[in-house]
Amino acid sequence: MILFHYPFYKYVFTHLDVFSLGGALTFLSTFIILYVLAFISLFLIALISIRALKILSMVIIITNSIALYFVLTYHVILDRTMMGNVFNTDTGEAASYYSPKIFFYLFFLGILPAYAISKIHIQKAKKLHLAMQSFTIVIISVFLLYLNSPTWLWIDKNAKYVGALAMPWSYTVNAARYQLKEFKQNKKQELLPDGKLANDNKMIVVLVIGESARAANFSLYGYNKETNPYLSKLGIVALQGATSSATYTTASINSILSPTGSTSDEDEPLSSYLQRQGIDVIWRSNNWGEPTMKVQTYQKAEDLRKQCTGEGCDYDEVLLTGLDNEIKNSPKNKTFVVLHNAGSPGPTYYKKYPQAFEVFKPVCKSVDLQICTKQELVNAYDNTILYTDYFLSKVIGTLKNHDEIPSLLVYVSDHGESLGESGFYLHGTPYAIAPDFQKNIPFLFWTSPAFVKENKLENREYKENYNQKNIFHTVMGAFNMTGKIYDQQLDIFHKTP
Ligand SMILES: [Zn+2]
């Protein structure tokens, strides 16, 4: 923790005011995390054998010394991409990276300390004794971390750098992550069985995937602040009790696009499936974490921005650039549009909406939560919801321009968000213990008069407790598609509910 973490502490000290209370506590948290990780892993090895512990420590120290040489000499961080470079560098190229200086690192920071470890005599302790002691240390550390939870935001925001400078985790974990990504990319998605289109009538479905929006802060779900002034006037339906399948983006997106709500990306996603079944699919993204897909049109926000004009171009409205025309010129009768929003990701909520939407004030403008009140944080978050409300009303406006065609808008968030309740912030808490705020999501839809008429939805009552796996079947049903994969019980607009 002392010998190999000079770049780590250097990063922490330059990006954090360690002489302020918040900064000092954050520094303490990073130290505790490093300590607990090293402690737990070495302890588990020690339980197996002291000899293994010694050998492993020696190996880690030697590889650490080489890693430190690269970090300090080339000013790199050992993130996943960098580990990918390491695996893909041929030996000739690799040789050019070595200078005699590496032997200095290797000898003084690797071999010498490793030799010292080999000479240390370790007294055998009773395993039970050792386990109890370790358990106590871990519990105290985790408790300290929990007390220090407002500092997680900084760590989360800087995770890429902090993680890529923490030895030996930087190169071991990121090497594993790189290999996993390669493995996943080489794995083929299982194609779903073909469906059947009952007709070739015109139909537009727009699926908007939100980010970190939680139902609790939508006035459509009973929130006491007016965060849905636009949608509440447009006859939108808010499905009650909807939950997400996961608390983090990639898993949730997989689930939204899967017929079974699965959080893995093994199945062909809805977008690729519909494209393969002859529907025109347009995917526009102002976010990340999407599975590999094969669609006719995939547009990223930065490309759309080139044609976009107005203040909204820096925000989610960029996704609406030329959408009207794109729908009009769709080569097929059935068009499926997915808009993947930037939405409400923390901790810098105040950066996610145009100035005009700063309605709830004052707002938190810092990632250091110690200097923000809970109310400032919630205000900033509520403004993002207000902006999403406006954005969705614009999407409905676009659909209304095509009112001769039956259309459906579905909005669902990927997962919810914690805003400091019980000490939790952001999202990504393991599902089993995640607070409801991270799981209860807005699930809204809007139907055009033509769609209502065609599907006889005039007096339809909707059940509660829908979740992300309803989306696949609802979209299939809206396109009048049947087949082995279609489960009408999961279609929200199923003819006989
Ligand atoms: Zn997300």
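Me: Which helix gives the largest share of the nonpolar patch?
Reply: Helix H7, residues 127-147, with 5 residues. Keep in mind that this is a predicted model.

Me: Which residues form that patch?
Reply: Ile140, Phe143, Leu144, Tyr146, Leu147 and Trp152. They lie on the surface.

Me: How much accessible area do they have together?
Reply: About 600 Å².

Me: And where is Phe143 found?
Reply: Phe143 is in helix H7.

Me: Switching to cavities. How many of 30 Å³ or more does the structure hold?
Reply: The count is 2.

Me: What volume does the largest cavity have?
Reply: About 50 Å³.

Me: What lines the largest cavity?
Reply: Ile253, Asn254, Leu257 and Ser258 are among the lining residues. Ser264, Asp265 and Asp267 also line this cavity. So do Pro269 and Pro291.

Me: How does that lining divide by residue class?
Reply: The largest cavity has 4 nonpolar, 3 polar and 2 charged lining residues.

Me: Which residues line the second largest cavity?
Reply: Asn199, Asn201, Lys202 and Met203 are among them. The lining also includes Lys334, Pro406, Glu454, Ala478 and Asn480.

Me: And how do the residues of that lining divide?
Reply: The second largest cavity has 3 nonpolar, 3 polar and 3 charged residues in its lining.

How values were computed. Residues are numbered from 1 along each chain as its sequence is written. This is a predicted model: local features need pLDDT of at least 70, side-chain atom pairs count only at pLDDT 80 or more; totals for chains, interfaces and linings use all residues. Side-chain values use heavy atoms; hydrogens and water are left out. On a 1 Å grid over the protein atoms alone, a cavity is a set of points where a 1.4 Å probe fits but cannot get out, and a pocket is an open set with protein on both sides within 12 Å along at least five of seven lines; lining residues have an atom within 4 Å of a point. Grid points are joined across faces, edges and corners, and a volume is the space filled by probe spheres set on the points. Ala, Val, Leu, Ile, Met, Phe, Trp, Tyr, Cys and Pro count as nonpolar, Asp, Glu, Lys and Arg as charged, and the others, Gly among them, as polar. Patches are made of residues with over 30% relative accessible area and no salt bridge: like charges are joined within 9 Å, nonpolar side chains (Val, Leu, Ile, Met, Phe, Trp, Tyr) within 5 Å. Accessible areas come from the Shrake-Rupley method with a 1.4 Å probe; for residues, only the protein chains shown count as cover. A salt bridge is a side-chain nitrogen of Lys or Arg within 4 Å of a carboxyl oxygen of Asp or Glu. Helices (H or I, at least four residues) and strands (E, at least two) are DSSP runs, numbered from the N terminus.
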